[in-house]
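Visitor: Please show me how to read a two-chain model. I would like the general idea each time, then the case at hand.

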Amino acid sequence: MREKATTLYLGPQHPGITGNMMVRLKVMGDTIVSAQTEVGYLHRAFEKLQERRNWLNSFTLMCRFCVPETDPMENLYARAVESLDNIEVPERAKYIRVMVLELARIATQLMWYAGQNGSLGLYTMGQWSIGDRDYILDLFEQLTGGRVYHMYQWPGGVRRDLPEGFEGKVLRTLDYLEKRLKDYDDLMFSNSIFQKRTQGVGYVPKESIIEHGVVGPVLRGAGIRSDIRIDEPYEVYDKLDFEIPTQEGSDIWARALVRRAEVHQSIRIIRQVLDQMPKGEFNTSIPNPMKWRVKAGDTYVRAESARGEVGYYAVSDGTIHPRRMHLRGAAYVHAITLLENILPGQNVADVSAIMNSLGTCAPEIER
Amino acid sequence: MKEIKDKMIAQINAAFPEAVNKAYDGNRLDFTVHKDAIPGFLSHMKDQLGFRHLSHIAYVDWIEENEFELVYLLWSPTDKVKLFVHTRIDRENPVMHNIDMIWRQANTYQREIKEMLGIDFPDMVAPDEFILEDWDDIPPFRRDFDTLEYVNRTFWHRPGREDAQDVRETISKRSGEEIPDFAKKYSR
């Protein structure tokens with residue numbers, strides 16, 4: 001007798017800490033035959049709302065595109081406006097921005113540790129890493145006033161300088177995290193359950209990489225050394241010494257090893273930043289925000305987020321409102337055509353783990 | 001970088017004489033191409049000039065000129081050059097060529113453009129709905145779509161939750177407590 005395919009709906013209630021989205025699966029037994037991503041649960045039309053706001057009001061929406069990773073979006077907005085209006089950013093502000101971006105990268109990867117393990121039923125790791133992430137959020141709170149949303153890297157520099165003694169706190173937090181990462185290795189990477197559930201699972205074929213616009217740890221997990229911080233350096237990344245980790249497996253395990261190594265590299269970068277950071281101004285004065293007419297033109301700026309390329313296409317028509325702001329998120333390509341392409345043949349129990357390893361962030365897709 | 005860009009501009013001009021180049025500093029290369037030439041142009045950029053990565057397809061509504069603009073943003077990993085390919089589409093007849101056979105991910109971008117701007121891609125195979133559900137108004141990212149008017153027409157305030165209330169006066173009315181003198185100057 002022929003087995004009949006069954007339709008299974010995964011989501012839209014957070015299918016693995018990825019945000020509200022749904023994957024419609026056709027399954028034969030436990031094996032996926034086809035998959036289709038459905039979004040539409042989180043559309044807030046931020047980019048439409050930006051058309052009604054002035055250039056600084058509009059900035060406050062930026063950090064809300066992807067909740068676990070807010071800082072690269074702020075950085076993009078600031079750089080887009082600076083690029084359009086030819087604003088010079090003080091050197092100190094660039095160093096501070098890199099410190100914030102790398103702290104954010106670590107915080108995002110700690111959240112990923114939780115999501116990736118949680119999707120496999122390994123909850124202790126999540127309790128540890130989310131707890132440790134809070135130490136970074138403490139730093140953000142002291143620096144910016146906000147734990148998750150910061151609104152700190154604004155056009156012209158950063159909103160305020162480092163508080164007194166802040167560098168020491170950052171270094172102590174990094175020392176602590178470095179020790180904790182060894183515990184993470186014992187609990188996660190040495191765990192035979194984690195190994196068996198991730199090795200050979202969620203394989204991204206190398207021929208799919210260009211076709212699907214694969215970026216970030218997914219790209220580097222397939223053995224390709226590509227990172228916007230090196231390929232098209234922004235802020236002061238060209239003055240810093242760090243490595244781009246790669247792996248060959250192109251499965252969840254390989255991507256996990258890449259992310260693990262990237263946390264170590266971020267720690268290395270922040271230490272250099274604190275060592276090299278010059279004294280001086282932390283922002284450039286900008287025009288009165290209520291009357292600020294950014295020069296007409298268009299630009300596309302990119303940044304390497306913890307999940308890969310995020311980009312921002314910005315257009316000004318010379319008025320006080322942005323004409324068009326359009327975000328390209330890493331998840332936008334990974335969680336739709338790539339996910340739909342790699343799921344057939346996989347086990348239904350692995351879908352959440354695969355989504356996590358691709359850096360899925362639903363709010364970024366529909367914005 | 002200038003040498004690389006000059007060489008690329010010469011190659012593009014030779015293959016597509018009608019493509020219009022605009023000069024930019026840094027690693028930005030910028031061409032405007034007729035919409036009918038887009039699939040061939042992009043395919044050539046990908047296969048012959050090393051622009052293997054499609055970063056994005058951005059869209060703008062130039063309502064004053066009665067046109068939509070699509071901007072294909074490409075990246076060359078070997079030459080580290082960013083290519084902007086602009087094309088304009090008549091707002092009255094918004095039809096564009098599908099390019100998802102060149103990059104599969106373009107399917108997602110085009111689905112968004114179709115839904116949010118109303119540009120049709122006749123050759124594209126995709127489910128009808130992407131982000132919006134049962135949408136029966138004009139595409140919402142067109143400039144003439146008025147978000148405020150739509151919200152006022154579609155939704156309504158619950159009694160007591162009307163907009164633009166003075167917070168202090170409303171609380172005072174409900175609770176019967178008077179607004180302290182020092183706070184009165186802040187009320188409308």
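This is a predicted model: local features need pLDDT of at least 70, side-chain atom pairs count only at pLDDT 80 or more; totals for chains, interfaces and linings use all residues.

Visitor: How many helices and strands does chain A have?

Guide: Elements are DSSP runs numbered from the N terminus: helices are H or I with at least four residues, strands are E with at least two. Chain A has 13 helices and six strands. Its radius of gyration is 21 Å, close to the 21 Å of the globule rule for 367 residues, so chain A is as compact as a globular protein of that length. That radius is taken over C-alpha atoms, and the rule is 2.2 Å times the number of residues to the power 0.38. Along the principal axes, the C-alpha atoms of chain A fill a box of roughly 75 × 45 × 30 Å.

Visitor: What share of chain A is buried?

Guide: Count other C-beta atoms, placed from the backbone, within 10 Å of a residue's own: 20 or more is buried, 12 or fewer is exposed, and in between is partly exposed. By that count, 52% of the 367 residues in chain A are buried.

Visitor: Is A:M151 buried or partly exposed?

Guide: A:M151 is partly exposed, because it has 18 C-beta neighbours inside 10 Å. A:M151 sits in the loop between helix 4 (123-144) and helix 5 (166-189) of chain A. Its phi is positive, about 45°, although A:M151 is not a glycine. A:R367 also is not a glycine and has a positive phi, of about 55°. A:R367 follows helix 13 (362-366) of chain A, and counts as buried because it has 22 C-beta neighbours inside 10 Å.

Visitor: How do I read a sheet?

Guide: Strands of a sheet pair through backbone hydrogen bonds, either parallel or antiparallel. Here, two strands pair if DSSP finds at least two bridges between them. Chain A has an open, antiparallel sheet of three strands in the order 1-2-3. Strand 1 (6-10) and strand 3 (31-38) of chain A are its edges, each pairing on one side only. Strand 2 (residues 22-28) of chain A pairs with strand 3 of chain A over seven bridges. There, A:K26 stands opposite A:S34.

Visitor: What is the strand order in the sheet of chain B?

Guide: Five strands of chain B form an open sheet in the order 1-2-5-4-3, with mixed pairing. The edges are strand 1 (20-22) and strand 3 (53-62) of chain B. Strand 4 (residues 67-76) and strand 5 (residues 81-90) of chain B run antiparallel over 10 bridges. B:S76 stands opposite B:V81.

Visitor: How many residues of each chain are in contact?

Guide: Contact means C-beta atoms, placed from the backbone, within 7 Å. 27 residues of chain A are in contact with 25 residues of chain B. Elements of chain A that each supply at least two residues include strand 5 (308-316) and helix 11 (330-342).

Visitor: Which residues touch the most other members of the largest nonpolar core?

Guide: A nonpolar core joins buried Ala, Val, Leu, Ile, Met, Phe, Trp, Tyr and Cys residues through C-beta atoms within 7 Å. Of the 142 residues in the largest one, those touching the most other members are A:Y77, A:Y312, A:L339, B:Y72, B:L74 and B:V85. Helix 3 (residues 91-118) of chain A gives the most to this core, with 16 residues.

How values were computed:
Residues are numbered from 1 along each chain as its sequence is written. Chains are lettered from A and ligands numbered from 1 in the order in which they are written. Two residues are in contact if their C-beta atoms, placed from the backbone, lie within 7 Å.
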